[in-house]
Amino acid sequence: MKLFAKLALGTALGLALVTGAASAETVKIGLVVKSLGNGFFEAANKGAQEAAKELGDVEVIYTGPTSTTAEGQIEVINALIAQKVDAIAVSANDPDAVVPALKKAMQRGIKVISWDSAVGKDGRILHLNPSSNELIGNMCLKLAAAHLPDGKGDFAILSATTTSTNQNTWIAEMKKQLPKYPGLNLVTTVYGDDLADKSYREAQGLLSTHPNVKVIVAPTTVGVLAASQAVKDAGKIGEVFVTGLGLPSEMAGAVHSGATKEFAIWNPIDLGYSATQLAYRLVKKESDGKPDSEIDAGRMGKIKIGADGEAAMADPFVYDKSNVDAFAKIF
Ligand code: RAM
């Protein structure tokens with residue numbers, strides 16, 4: 001081939017590569033949630049879509065299994081790998097079971113982070129906590145004590161799944177900090193799997209087998225809603241209270257019925273927004289996400305990754321009769 005022809009071909013190839021890269025420029029981020037149909041994750045997706053719109057060259061694929069299993073998430077992760085996404089941001093149903101699938105994703109150049117409910121260190125670059133785990137544990141105990149006369153009495157925990165990283169971490173924190181609340185007596189922990197019907201039945205079970213339980217603490221938005229409904233349906237309002245982590249939009253009724261006096265949560269929209277921002281910055285190589293780095297997260301400012309590879313957002317906020325309706329319009 002003549003030198004000129006070679007050069008021309010080279011240029012054409014170069015151009016083709018550039019054009020190819022240009023058309024594939026949309027950053028695809030798979031936002032994997034514990035399960036579909038959970039209002040908390042739908043709110044997080046609102047934030048993720050907001051970040052995508054703001055960044056301009058992002059497509060967020062909101063996905064997850066229909067029920068809260070690690071197996072379901074593995075299928076979803078494999079489908080995202082096949083789709084050749086650029087990043088996966090997952091809230092895990094199990095810290096370990098999803099690691100092999102996520103490792104496979106990372107081997108193929110996909111940037112993986114976890115948010116909300118963590119994945120083991122080997123399975124992700126970093127983890128974004130909604131708030132400090134210690135603070136969340138303390139908040140749950142504080143809320144339980146506030147629903148008891150003089151902060152004294154029996155309480156039970158209604159959690160999500162037995163393998164859920166975030167709930168297990170918060171429950172461990174609650175147990176660790178129990179001595180700060182000498183009046184509180186933890187009777188049992190039951191699991192509703194973040195399914196409305198199972199959570200409702202578990203709450204009913206608590207009411208009948210533990211008549212001394214005066215407060216049910218549910219560190220899950222699905223559990224807290226189901227438990228407040230169970231208390232109401234059992235005619236036990238004023239006798240047994242429900243508190244924990246809930247969405248104002250879902251819990252306003254419980255606050256007005258008296259089943260719940262107050263509950264807490266952070267802003268799920270901000271959480272989904274931030275997770276998307278972080279995933280995007282990793283894809284764009286603006287950051288390697290290593291411990292002690294700082295990553296730009298748009299309107300949330302810079303997010304600092306701690307020495308343990310984890311970051312934490314804002315403190316949980318408390319909702320009661322005075323503010324629940326205003327926030328119910330937001331999330
Ligand atoms: C449920 C999920 C989620 C958790 C919230 C508080 O929606 O378990 O992971 O962060 O509750």
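Which residues does UniProt give for the feature "domain: Periplasmic binding protein"? The unreviewed UniProt entry places this feature at residues 29–286. UniProt positions follow the numbering used here, the feature name is shortened, and the annotation may be inferred rather than shown by experiment.

This is a predicted model: local features need pLDDT of at least 70, side-chain atom pairs count only at pLDDT 80 or more, and totals for chains, interfaces and linings use all residues. Residues are numbered from 1 along each chain as its sequence is written, and side-chain values use heavy atoms, without hydrogens and water.

Over residues 29–286 the chain is 46% helix and 20% strand. The end C-alpha atoms of that stretch are 16 Å apart. Helices (H or I, at least four residues) and strands (E, at least two) are DSSP runs, numbered from the N terminus.

**The sheet**

Four strands make an open, parallel sheet in the order β7-β6-β8-β9. Strands pair if DSSP finds at least two bridges between them. β7 (184–191) and β9 (241–244) are at the edges, each with a single partner strand, so one side of each has no neighbour in the sheet. Four bridges join β6 (residues 153–159) to β8 (residues 213–218). Phe155 stands opposite Val215 in β8.

Contact means heavy atoms within 4.5 Å. Axes are lines fitted to C-alpha atoms, for helices over the stretch in contact, and angles run from 0 to 180 degrees between N-to-C directions.

| Helix | Lies across | Angle |
|---|---|---|
| α6 (residues 165–177) | β6, β7 and β8 | about 165° to β6 |
| α8 (residues 221–233) | β6, β8 and β9 | about 175° to β9 |
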